[in-house]
Amino acid sequence: MEAFIHRHIHDLLTNATRPVFICDERIDGDSLGSSLALAHYLKGRGVPVPVFISEAVPEPYRFLPGIEQTTTDVDVFQDPAVDIVVVFDCSDADFVRGLMEPMSHPPTLVNIDHHATNPRYGDVNQVIVEAPATAQVVHQFFVENQIVPSRDIATCLLTGICFDTTVFSNAATGERALNAASELMICGGRIQDVIRHIYQSRSVSALRIWGEALSRLTTHTPSGAVFTFMTHDDLKQSGLGSDEVDGLSNFLQLVVDAHTLFVIKEREKGELKVSIRSSVHDVSRVAKAFGGGGHHKAAGFVAPNGTFVCDEAGCRELVEKAMAVLK
Ligand SMILES: [Mn+2]
């Protein structure tokens with residue numbers, strides 16, 4: 001079935017005259033890498049594709065080949081000629097529906113993803129929960145359609161796989177990730193560039209906030225979950241944007257001796273973005289219970305203003321309620 005859908009998507013894309021791609025609302029290496037890879041392919045066939053993103057490209061991803069094809073302009077959805085929309089790495093059906101609302105002739109909607117919480121909202125759904133990254137699903141698209149990825153396509157796909165596996169170290173790492181990565185390196189994918197841009201580009205001020213968060217690490221007894229938090233004041237004092245301190249949960253997961261980990265970030269005053277990692281629990285259930293989404297071992301949600309206070313007591317209360325979902 002997987003192979004059949006890959007060939008079907010290829011038919012749809014090569015027959016389309018005006019495709020538009022959409023990245024998940026929370027842009028990351030996987031949503032960008034997987035969408036740009038396919039955009040490269042179509043551009044090579046003479047069909048340039050706008051890749052819609054909800055906010056400006058974060059600094060670490062600006063090196064990606066083809067990044068100039070991204071746009072934050074919602075007017076791309078006003079074009080009546082658009083005949084296919086492909087969504088990457090996005091389990092949020094409401095986000096996609098909202099964007100497509102103004103379209104008078106709804107185009108074919110293709111949903112390519114690997115999130116366990118994806119509700120299969122597309123006309124065509126290629127949702128592979130076992131895939132380590134949407135980029136690995138797109139790599140399989142190239143394999144099934146007997147297309148050899150170019151160097152640039154390979155670099156984009158490696159970015160997605162490296163991002164979602166935290167460079168082959170977290171629970172998503174397995175045969176699929178390693179096989180795809182080695183094939184992409186053979187195609188000329190520049191893995192050292194990817195690692196340098198995504199992981200070795202932390203500013204000293206961002207690391208100082210991480211330091212602050214490290215000093216607040218707390219074990220929630222009796223569950224054994226570990227949590228920490230970054231406040232809006234931490235961010236404000238440093239002058240950093242909230243996405244510049246991202247990645248702490250992935251880093252901590254590598255080094256903390258705990259089965260479950262919560263990293264809580266006060267993105268806007270009172271609004272908490274919660275990242276959960278676990279080696280034993282299906283934390284997508286927790287994320288879902290709080291209106292978020294994700295994977296079994298890595299998930300998250302946003303607690304709106306007024307739900308929890310971003311201090312030790314408030315975060316302890318949040319963890320208490322979250323762990324109760326798993327009972
Ligand atoms: Mn992903």
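At what angle do helix H1 and helix H4 pack, and how far apart are their axes? The close-up views described below are drawn from a predicted model.

**View 1. Packing of helix H1 against helix H4.** Helix H1 (residues 2-15) meets helix H4 (residues 134-144) at an angle of about 80°, and their axes are 9 Å apart. Because angles of 65 to 115 degrees count as roughly perpendicular, H1 is described as roughly perpendicular to H4. H1 contributes Ala-3, His-6, Arg-7 and Ile-9 to the contact, while H4 contributes Gln-140, Phe-141 and Glu-144. Sorted by class, the contact of H1 with H4 comprises three nonpolar, two polar and two charged residues.

**View 2. Burial along helix H4.** Helix H4 is mostly covered, with eight of its 11 residues buried. The buried residues in H4 are Thr-134, Ala-135, Gln-136, Val-137, Val-138, His-139, Phe-141 and Phe-142. Gln-146, which follows H4, has a positive phi, near 55°.

**View 3. The largest nonpolar core.** This core has 52 residues, and those with the most contacts inside it are Phe-21, Ile-22, Ala-37, Val-86, Leu-157 and Ile-161. Helix H5 (residues 151-164) supplies the largest share of this core, eight residues. A second, separate core has 32 residues, including Phe-227, Leu-252, Ile-264 and Cys-310.

**View 4. Surroundings of Leu-157.** Leaving aside residues up to four places away in sequence, Leu-157 touches Gly-33, Ser-34, Ala-37, Pro-149, Leu-184 and Gly-189, as well as Ala-135, Val-138 and His-139. Ala-135, Val-138 and His-139 are among the buried residues of H4.

Terms used:
Residues numbered from 1 in each chain as written. Predicted model: local features only at pLDDT ≥ 70, side-chain atom pairs only at ≥ 80, totals over all residues. Axes fitted to C-alpha atoms, helices over the stretch in contact; angles between N-to-C directions. Helix = DSSP H or I, 4+ residues; strand = E, 2+ residues; numbered from the N terminus. Parallel < 35°, antiparallel > 145°, perpendicular 65-115°, else oblique. Contact = placed C-beta atoms within 7 Å. Nonpolar A, V, L, I, M, F, W, Y, C, P; charged D, E, K, R; others polar. Buried ≥ 20, exposed ≤ 12 C-beta atoms within 10 Å, placed from the backbone. Core = buried A, V, L, I, M, F, W, Y, C linked by C-beta atoms within 7 Å.
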